[in-house]
Amino acid sequence: MNALHRHRILTRIWSSDSGWKGYFTTVNHTDLGRMFMVTSVFFFIVAGILAMLIRAQLATPRSAFLGPEVYAQVFTMHGTIMMFLFAIPLIEGAAIYLLPKMLGARDLAFPRLTAFGYWCYVFGGAMLLFSMLAGIAPDSGWFLYPPLSSKLGNPGINSDFWLLGITFVEISAISAAVEITVSILRYRAPGMALDKMPILAWYLLVVALMILTGFPPLILGSVLLELERAFGWPFFQVAEGGDTLLWQHLFWLFGHPEVYIIFLPAAGVISTVLPVLARTTLMGYGWIVAAVVALGVLSFGIWVHHMFATGIPHMALAFFSAASTLVAVPTAIQIFAWIGTLWKGRPQLKLPMLWIIAFFATFVIGGLTGVMVAVVPFNWQVHDTHFVVAHLHYVLVGGFVFPFLAGLYYWLPHLTGRTRFFKLGETAFWLVFTGFHVTFMAMHWVGLMGFRRRTYTYDEGQGWELINLISSIGGFITAIGFGLVVIDIIVNALVAVRGRRNPWLAGTLEWAMPLPAPVYNFASIPGVQSRDPLYDTPDLANRIARGEGYLGTPRDGQRETLVVAVASGQPEQVAIYPGNTPLPVIMASVTGLAFLGMLLKAYWLVPLAVLGVAALAVRWVWSLGNSTDQGLRDVGHGLSLPLASATAHPPGWWGSVFLLVANTTFFGCLLFGYAFLWTIAPNWPPPAYLEPGLIGPLLGLIGICLAPTGAYLSEKLLRKGKSLLPGVALAVLGGLAAAAAAILSMRAAADPQGHAYDAIVWVMAGYVLLHVTLATGMSVYVAARSAAGYVAPDRYGELRIAKLWTDYAAVVTLIGLSVLYLPGAFP
């Protein structure tokens, strides 16, 4: 088979459907990555227009351009769109597009999950855009502090749009994080050990794990606040045992890691692009990896520095102030490594390098002002002034947008197959760079003079007029510059000349393919011995095209790739991907009905949507696996491997592990919220604690013992070739007992509207009930799969997945019911 014949066969196998239908049925990571990025840029333009409205309003004192209600909606939506609908989705889109190409794989681990996440993002973002067009957009700030966002301060549905829309979008973020984590750990080129991965993969791995542990606190806070608004459960109402500070803790447990979730991928782009443009290799690879991991860990320990003005005890102020300054150390390690890389290389002042230099100049200023606001006395002075707004933009625009523009121009030939011809980008760069610094340097200045943020107007004679006018002029210059960037990209993508492969002479695998990238990425999967395989083997692209790598012969119209060992990168399994399907967009639509039911107070729609999602989930997973033994598959180079679906730990098991990481974080935050209200909130203790009695704890104990025992017994029986039904029956019986215990707890807390304690009981017991129901349903599903022949003594991975969820349900039942029963048992 020659290279052209192989290309045609692989293109036919991997291509998306033609026409408009392809957008709704594609599961190809290249298509979905582009769709993510284009959609996020659309939201960036919307948020940019809102920013210009803000600057027009503040350009002169007593401006009548925007009224206070409209201004509140505009600045709330500007921040919300930039943080949730632009920055994170752009990172996801870039990762989805680039990772398989850089890692030597043909797609990500779960292509349909990628598509599902994209449509959740689109539908959630559409909810927020509709609210803005209808004049009922969120207006309590992008952080939505209660009581401004509660029914007391916001009786309309403005805040509901934020809570439900953002939670919908965060399903997309969690899906992408699971996808990215499993793909990096398991879907790489043979021989690509962890220490041979492209540096960007390390950044994205840390970021994905941060999303899995950083987003659940906000999801929990959004759930609690929506329950308060919908049903009157007083989690944040002081008179009924709640506390508004609980929202701040949950929000900033997400919000501060969010800053690093946004910055680290941009830093990864710099660590990838800078050595290529300096014509050398990256200095301090190991040190940079360590610094990235350290930043990821430290970012979760300093959320309180956003709350220095809320009455935090002095000891805590000192601790979090010191911890906030400590993050400068791993950040400095990366900056010095980049400077060292420039020093040992021969830098080329191409357009991507201009944006990187702009990053250095801007982000260092943002970092220094960050150290300033970490000092408590100074923080008290500038808190809620425009100084903080300017600091935030220096960090996020300088530390995220500028590096991503460098990456955009660097990978533009990969996206379009064309080399830049029109040089509009350089003009755009100088407009953006100059306009940005004029805007936000002036904003630092006016903030130090006391100009408050979130204020729609101001009086004359306070010394702010000229500075605000200068800031607004700079803002419009910046907007013109960004507009030219968009025009430059579009023009060069459409009419520029075709370029050569690997125009930058880079060493990573994404340049070892034709440009623009084919739908299958690699005609055969290459072996890797170093971090820069194209430097070691200059003709690697030709070898790949000739089929000299692994899986070089297309087979039975199936989409195949390799699964490797986590640490060593040695090939272990063959994964077969599903084909094009509308199932992800249908499932996202049905999921959206649940959010729509909550928004419209049509609560009868929520259980119907949940049942629909459950039915679609069964349809989703039923198509996986095989009902007969497939044996080993020849992958080339004398190696034969089993199918991933037939192993003890299939891809779904790995996905479940990392989904449970997010789940555990959510549960841990729920326990934290319970403890916070118990120890800090006024009006505690409650009028009465839950009295456990005998039946509830006994049923819980029976469930905790029987369900895991049944799952364990099912595997033992199956491995011996016997029927697993006795074990499944035992697991189902245990699940029913645990569910009954949770329901009894909810019935005992009769008035969740009367006190925050009863409301917490309902949420905790509801969480237990949800996971017991999931685990029980999985046990029944495995029994059905066994009857259909998909689960057998040599194909028991699905049983392992059910066992994993059953064990988790038992653990949360033990912990959840214990924290509910113990206060009443030992008053």
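Predicted model: local features only at pLDDT ≥ 70, side-chain atom pairs only at ≥ 80, totals over all residues.

I started with R719, which is partly exposed at 44% relative accessible area (buried means under 20%, exposed over 50%, partly exposed in between, with a 1.4 Å probe and protein chains only). Residues are numbered from 1 along each chain as its sequence is written, and side-chain values use heavy atoms, with hydrogens and water left out.

**Salt bridges**

I looked up the partner of R719 and found E715, with 3.9 Å from N to O. A salt bridge here is a side-chain nitrogen of Lys or Arg within 4 Å of a carboxyl oxygen of Asp or Glu. E715 counts as buried, at 11% relative accessibility. Both residues sit in helix α22 (residues 695–719), four residues apart, about one turn of the helix. Helices are DSSP runs of H or I, at least four residues, and strands are runs of E, at least two, numbered from the N terminus.

I then checked R229 and D160, whose closest N and O atoms are 2.9 Å apart. R229 is in helix α7 (residues 199–231) and D160 in helix α6 (residues 158–186), so this pair ties together parts 69 residues apart in sequence. R229 is buried at 4%, and D160 is buried at 0%.

Next came K601 and E226, with 4.0 Å between their closest N and O atoms. K601 lies in the loop between α19 (583–599) and α20 (605–622) and E226 in helix α7, so this pair ties together parts 375 residues apart in sequence. K601 is partly exposed at 31%, whereas E226 is buried at 4%. I noted 15 salt bridges in the structure.

**A helix pair**

How do α23 and α24 run relative to each other? The axes of α23 (residues 725–748) and α24 (residues 756–787) come within 9 Å and cross at roughly 165°. I wrote them down as roughly antiparallel (over 145 degrees; under 35 is roughly parallel, 65 to 115 roughly perpendicular and the rest oblique).

Last, I looked at F421, in the loop between α14 (386–416) and α15 (424–448). At 51% relative accessibility, F421 counts as exposed.

Technical notes: Axes fitted to C-alpha atoms, helices over the stretch in contact; angles between N-to-C directions.
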